[in-house]
4 protein chains.
Amino acid sequence: MPKRVDRTARQEEILAAAVKVFARKGFAASRIEDVAAEAGIAKGSVYLYFPSRDALLAGVFESYAAKSEPASADPGTGSALDRLDHLVRATVEMLAAHPDHARVLLDVWASNPPLDLADMYRRHRGAIADLLVEAAAAGELRTGIGAPHAAVIVGAIEGCLVQSLADPDVSLSELAEPILQVCVAGIRR
Amino acid sequence: MPKRVDRTARQEEILAAAVKVFARKGFAASRIEDVAAEAGIAKGSVYLYFPSRDALLAGVFESYAAKSEPASADPGTGSALDRLDHLVRATVEMLAAHPDHARVLLDVWASNPPLDLADMYRRHRGAIADLLVEAAAAGELRTGIGAPHAAVIVGAIEGCLVQSLADPDVSLSELAEPILQVCVAGIRR
Amino acid sequence: MPKRVDRTARQEEILAAAVKVFARKGFAASRIEDVAAEAGIAKGSVYLYFPSRDALLAGVFESYAAKSEPASADPGTGSALDRLDHLVRATVEMLAAHPDHARVLLDVWASNPPLDLADMYRRHRGAIADLLVEAAAAGELRTGIGAPHAAVIVGAIEGCLVQSLADPDVSLSELAEPILQVCVAGIRR
Amino acid sequence: MPKRVDRTARQEEILAAAVKVFARKGFAASRIEDVAAEAGIAKGSVYLYFPSRDALLAGVFESYAAKSEPASADPGTGSALDRLDHLVRATVEMLAAHPDHARVLLDVWASNPPLDLADMYRRHRGAIADLLVEAAAAGELRTGIGAPHAAVIVGAIEGCLVQSLADPDVSLSELAEPILQVCVAGIRR
DNA sequence: CATGAATGAGCTTTCATTCAT
DNA sequence: TATGAATGAAAGCTCATTCAT
């Protein structure tokens, strides 16, 4: 019989506040007190849910990683390339819909201790590589295109995200089509 | 002819030391004293060349931006697409040759005050967009491919760089060909 | 007959828990929550019985002072020196039997605000001084021995206790005889 | 060519300030800033000489232990018991002359992590035990008196010190004679 | 120019205490 | 009574920056 809100709900409130604050001023310049204020609680209360400032960043990263988990959960229909198209589109849309989370991802780079970005990218590449291999087997791809190109596709998405975060004139949503034209249509036989 | 090294030379020694240190432990965890030690000088002396810790990061960023300044300075020869191929290749090689600088670029994201990443990306996109427009005019591109796709190409390079920095198993050099196959060969008519 | 245990009984349960915890890690490093956990109750409940953390230490000290209250309550039989022998022996045994309380006594020194150790020592010296005066009057003591030597006897006991607490190789029980030989036999005419 | 004062001198200034402050309000209630203020320097400067607050207490303890190192360094002259008399007297005088250090010793008990009091007592007992054994061999002691009684003598001194610290009415200096009468004269054959 | 001791603002973290349930 | 989530004052420690030498 918890007092009012259960641990998980309160934890997520704090995480949501942290995402906002970190996105606004960067993790390095964000104080625990800023997060607490944004969440409408006292500084010390943050520590009832997260053991340290770093854990807060890790928490945000995890929630991001979960969100960005390939929407490929959806087995999809159609050819492998169609499903690749769908996966890329879904990923871009997800990222465009959560710019704050995406912005914090960049802070994760500077995190100390380092958080496991490698694993996240590995999973993304894996999901795409699987589709590429399948498409190649079905003869849908140009000669010479295969699993190694997954990194390029993941990179194109990530790189466009970065540009959109750095430059308000660049819209990630509007880059969805160009990405697909280059990364999907461009590799088709 | 002052003491032994002139102001500029000493400044660059310090910048070189800063790149090494920042790349090793991240900007956030790097102290002025670490940089001074790496440069073999005293902490206070750093301030004779840089007004603040942030200025040091800015200096490193500027030297990176200069390096990454499109090798397009070289007007090059051949068709626009050939020159695009050359530009992408040169950029990837430059990045692969300076992993420390590249690593620090990510810290620039977390910098406070923010440094002008937008401008750097803008210039990269501009150089590539020019070639795309020229190639399109020459009828070398598939229909629908043009300036907006410059962001995708820049992104693919940047995104592959990020993956290679995050994951020692990913080699940027080895991604050069896949990038070209997708981003250059893939847009050819 | 309230709930299950009356106020006093519950207070003493908490005090017993406090002694254990304080003896284990020292007062300075002991948190109210540690004491509550040891007592099997919630943190906040401690405050229903003690107004503050300091009051907890004071409570432990008082219970110690009460215990160490000269067993001289027993008027005893035999000569004054025999009764002194008995008193010293009883005191040492009491201390040896309650090492936790004794350990906490040392924390009382570091307490802020200070607790009245002076009074406790005064009472100990008083009880012993009375016996010394009586013994002197009966001609049982060497010339020059009297009330001022009570501090030495109290000190010898206290000092041996301290050594036994500091060093597991020193056993207070085994020091009982040496103390008596020096402090009682040694002052006999 | 140090700036103005050498490390060691400055370290001792800080230690001296620490002793004063700790003696005045107890270690637990003493803040680093209090010590710095007493030493006339800034808070942060303390950390140039001591790595932590605990190290400050350890430093004070060490300087105390050094001071209290048996004045027995003096091989002395006369019988073993004469030398014991001299040693006890010198020890008491040293303690009486440095009440601040002695007061801090009690805080050392509450220290976390614990400092090695056991070793200090061991050395004191050892010095005295040596004299007792020598005196026994020379037939100067009552039957049954020997090395184990060293703990009683050390304890008597320590215990008297404690009483004098707790109670301004008790003077350690004035207890020197009673201690000698009980602990030295009392064990003589 | 070079140095590195000194400074002190500022941050993270802890925990005694309170109080709504 | 009992609870434990919430609070916020307090303190240890770090480190960018300054400046006397």
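Visitor: What makes a residue pair count as a polar contact between chain A and chain B?
Guide: An N or O atom of one within 3.5 Å of an N or O atom of the other, where one must be able to donate a hydrogen and the other to accept it; residues adjacent in sequence count only if both atoms are side-chain atoms. Between chain A and chain B, 14 residue pairs pass, both residues at pLDDT 80 or more. The model is predicted, local features need pLDDT of at least 70, side-chain atom pairs 80 or more, while totals for chains, interfaces and linings use all residues. Side-chain values use heavy atoms, without hydrogens and water, residues are numbered from 1 along each chain, and chains are lettered from A in the order written.

Visitor: Why is the meeting of Arg122(B) and Asp167(A) called a salt bridge?
Guide: The rule wants a side-chain nitrogen of Lys or Arg within 4 Å of a carboxyl oxygen of Asp or Glu. Here N to O is 2.9 Å, so the pair qualifies.

Visitor: How do you know which axis relates chain A and chain B?
Guide: Superposing C-alpha atoms by least squares, using residues with pLDDT of at least 70 in both, takes a rotation of 179 degrees with 0.0 Å of shift along the axis, at RMSD 0.2 Å. That is why it's a two-fold relation. The same surface serves both copies: 100% of the contact residues of chain A (heavy atoms within 4.5 Å) recur in chain B.
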